[in-house]
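Morning, everyone. Please take a look at the chain on the screen. I'll go from one loop out to the whole fold.

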Amino acid sequence: MKSAAPMEPVVRIAFELSREHPTLPRADALAALEAERLTVRSVSFTPQLLIVDVPRPSRGALERVALSRYVDRVLALGPWSSIPRTAARIRLGGGTFRVRAHGPFSPVEKRDLEKQVGGSMDATGRVDLEAPEREFRILRHGEDFVLAEVLHEVERSEMEARKVARRPFSMPISLHPKLARALVNLSRCPRGGRILDPFCGTGGIAIEGARLGMRVIASDIQEKMAVGTASVLAHYGLKGETFASDVGEVPRRVGRVDAIATDPPYGRAASTRGEPPEALYRRAFSAFREMLPKGGYAAVVLPSETAITIGEEFLRLEEAHTLRVHKSLTRTFCAFVKSL
């Protein structure tokens with residue numbers, strides 16, 4: 001009788017969520033792991049923190065996330081007494097380190113917690129508050145304390161620098177880079193996969209997909225948008241296939257893709273060339289179904305329940321996260337999947 005194969009060792013990872021939305025930051029992190037084909041063994045979360053057990057993830061998988069602030073390896077999770085004990089077992093090998101408490105702590109409590117943990121650590125280590133080799137975080141997770149080591153700090157300042165107004169080609173309306181990256185993650189496209197944005201506009205989604213190592217295809221019915229997207233990809237040293245096309249003609253041009261991430265026009269006459277938005281969405285989702293493999297995802301930003309219902313005529317709605325842009329406009333980040 002054959003013995004069962006040993007289970008792959010798991011690592012406990014904490015995502016320090018940005019809290020910019022009640023559900024989208026958590027969905028962004030989980031979709032990024034799923035895109036990298038990592039099986040999540042357990043999940044627990046609060047508004048501030050998502051903790052998962054996964055097989056040892058690559059750095060690339062952790063660096064995908066957009067709506068977290070830090071990604072950490074959990075060293076201890078439990079009552080406070082377990083935190084200094086765990087800290088005492090960390091070997092620093094003479095390197096530099098920093099301890100930071102983050103959460104519902106007063107300034108006095110933060111200093112006390114940091115002092116206790118730092119004082120428990122390997123005496124060979126040297127405190128460096130500016131540029132430490134290793135950074136440790138003290139967090140709260142419900143009633144428990146968490147001691148974690150930072151694996152990745154999310155590139156929030158770099159994403160700010162890629163906002164549309166700072167690109168060589170820009171228009172007034174475009175997704176913020178962090179939302180564009182979250183949308184790419186919701187598409188579950190793996191690194192090296194073919195991802196399509198058939199309403200590419202100024203190229204924000206294409207930029208984030210290319211930065212994550214995907215083979216980007218970007219099209220738009222307006223030639224100036226396709227050309228502009230090509231220019232911004234080149235500006236950032238990125239590659240992608242760009243061309244002008246109506247969405248209904250895209251399947252003949254590209255064939256099969258691994259995933260779709262797109263932000264279609266939502267009602268201004270110029271952006272739809274006079275076509276009613278509902279008719280445009282129906283043609284678009286028909287094209288999406290044609291191009292996606294079974295199990296493939298289309299991550300789409302939609303303006304209304306009517307638009308979402310149209311999408312469900314062609315693909316299964318897996319998740320939806322609604323953001324209020326202003327008093328009269330909401331945008332819903334949807335992940336649709338082509339059923340098996």
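**One loop, then the fold**

R37 sits in the loop between α1 and β2. A quick note on the source: this is a predicted model, where local features need pLDDT of at least 70, side-chain atom pairs count only at pLDDT 80 or more, and totals for chains, interfaces and linings use all residues. Residues are numbered from 1 along each chain as its sequence is written, and side-chain values use heavy atoms, with hydrogens and water left out.

Is R37 buried or exposed? R37 counts as exposed, because its relative accessibility is 57%. The cut-offs: buried is under 20% relative accessible area, exposed is over 50%, and partly exposed lies in between, with a 1.4 Å probe and protein chains only.

Now L38. It lies in the loop between α1 (24–35) and β2 (42–45). L38 has a relative accessible area of 15%, so it is buried. What does L38 touch? Leaving out residues up to four places away in sequence, it touches L33, P55, R56, P57 and A61. Contact means heavy atoms within 4.5 Å. Take R56: it is 18 residues from L38 in sequence, and the C-alpha atoms are 8.6 Å apart in space.

R19 is another arginine with a positive phi, about 65°, and it is not a glycine. You'll find R19 in the loop between β1 (10–17) and α1. R19 is exposed because its relative accessible area is 53%.

On to the sheet. In what order do its strands run? 8 strands form an open sheet, ordered β2-β3-β1-β4-β8-β7-β5-β6, with mixed pairing. The edge strands are β2 and β6, and each pairs on one side only. Pairing requires at least two DSSP bridges between two strands. As a reminder, strands of a sheet pair through backbone hydrogen bonds, either parallel or antiparallel.

Look at β5, residues 96–101. Of its 6 residues, 5 are buried, so β5 is largely enclosed by the rest of the structure. β5 runs parallel to β6 (residues 126–127), joined by 2 bridges. β5 also pairs with β7 (residues 134–141), again in the parallel sense, over 5 bridges. F97 takes part on both sides: its bridge partner in β6 is V127, and in β7 F97 stands opposite R134.

Next, helix α6, residues 177–186. How many of its residues are buried? The count is 10 of 10, and the helix is mostly covered. The buried set includes K178, R181 and N185. After α6 comes R188, with a positive phi near 60°.

Last, the whole chain. It has 12 helices and 15 strands. Buried residues make up 53% of the 340. Among contacts with a separation of 6 or more, 72% join residues 24 or more positions apart. The C-alpha trace spans about 70 × 60 × 40 Å along its principal axes.

Finally, charge. There are 51 positive and 41 negative side chains, and the centres of the two sets lie 1 Å apart. Lys and Arg count as positive, Asp and Glu as negative; His and the chain ends are not counted. Each charge is placed at NZ of Lys, CZ of Arg, CG of Asp or CD of Glu. Thanks, everyone.

Conventions. Helices (H or I, at least four residues) and strands (E, at least two) are DSSP runs, numbered from the N terminus.
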